[in-house]
Amino acid sequence: MKETDMIRSETGRATGMLTRRGFTCLMAFTLAAGLSALAPTEASAQASAAAQKIADHFASVKTMMGEFVQFGPRGEQTGGKFYINRPGKIRFNYEEPSPMRVIADGKSVVIGNRKLKTWDIYPLSKTPLNLLLGEKIDLSAKMVRNVKEEADLTTIVLGDRNMFGDSTITMMFDPKTYDLRQWTITDAQGKDTSVMIFNVKTGVALDEKVFSIPYDEVRNKGAN
């Protein structure tokens, strides 16, 4: 599919942003930088004030697109373009020679390998991406694992053991502009992959086809 077919129009402003991932093949960054753990009551108190305002601002951005460079856990590097349409939709188009593609359509997330013609599918509600892509980002006490506020960075760590076990998502925001600088998804195995995002545009109109999952192909491959 050509990019011009995916995007009907582009509006909004360009912003520099960083993201990360660790959901099997998507985005993560190790938290070994040493976030000081907060007690649940302290985290809840902070989250209910400045952190919630930042999260609300981010959730109000319904669509965005841009470019990314991904660094894998073994130092491998690839890049491509990403598209987000809230709620629940995201797509990563990886550049050649990477065969990978990642699509979430609001219900499911699939990770495809075009070379091997294989698919992995997950319920979106059981992945940390569900928190990132929601219409609202709930910073209730049960979700907040950690909050750290600094002069140039606000870091929020979210997780829900009932939804996706030990996986967590960490979001880092500019406390002045409320722009997302990076996010981290850390899975239960602790596998980390970093993704830098740049040339970001918000408020773009995206064709729904961008987020279409080829379910027939996914099911057929699963049956083989």
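**Figure 1. Surroundings of Phe 58 in the predicted model.** Leaving aside neighbours within four places in sequence, Phe 58 is in contact with Met 64, Arg 86, Leu 132, Ile 137, Phe 173 and Leu 180. The model shown here is predicted. Phe 58 belongs to helix H2. Because its relative accessibility is 5%, and buried means under 20%, Phe 58 counts as buried. Leu 180 lies 122 residues from Phe 58 along the chain, yet the C-alpha atoms of these two residues are separated by 7.0 Å.

**Figure 2. The largest nonpolar core.** This core contains 39 residues, of which Leu 158, Met 171 and Trp 183 touch the most other members. Helix H2, residues 40-59, supplies the largest share of the core, with five residues. Apart from this core lies another, of six residues, including Met 65, Val 204, Leu 206 and Phe 211. In soluble globular proteins, nonpolar side chains tend to be buried together.

**Figure 3. Contacts of Met 171.** When neighbours within four places in sequence are left aside, Met 171 is in contact with Leu 132, Ile 137, Thr 154, Thr 155, Ile 156, Leu 158, Leu 180, Gln 182 and Trp 183. Among these partners, Leu 132, Ile 137 and Leu 180 are also in contact with Phe 58.

**Figure 4. The chain as the setting of these views.** The chain has five helices and 14 strands. Of its 224 residues, 50% are buried. Among contacts with a separation of 6 or more, 59% join residues 24 or more positions apart. The accessible surface comes to about 10900 Å², and 52% of this surface belongs to carbon and sulfur atoms.

Definitions and conventions. Residues are numbered from 1 along each chain as its sequence is written. This is a predicted model: local features need pLDDT of at least 70, side-chain atom pairs count only at pLDDT 80 or more; totals for chains, interfaces and linings use all residues. Side-chain values use heavy atoms; hydrogens and water are left out. A nonpolar core is a set of buried Ala, Val, Leu, Ile, Met, Phe, Trp, Tyr and Cys residues joined through side-chain atoms within 4.5 Å. Buried means under 20% relative accessible area, exposed over 50%, partly exposed in between (1.4 Å probe, protein chains only). Helices (H or I, at least four residues) and strands (E, at least two) are DSSP runs, numbered from the N terminus. Contact means heavy atoms within 4.5 Å. Accessible areas come from the Shrake-Rupley method with a 1.4 Å probe; for residues, only the protein chains shown count as cover.
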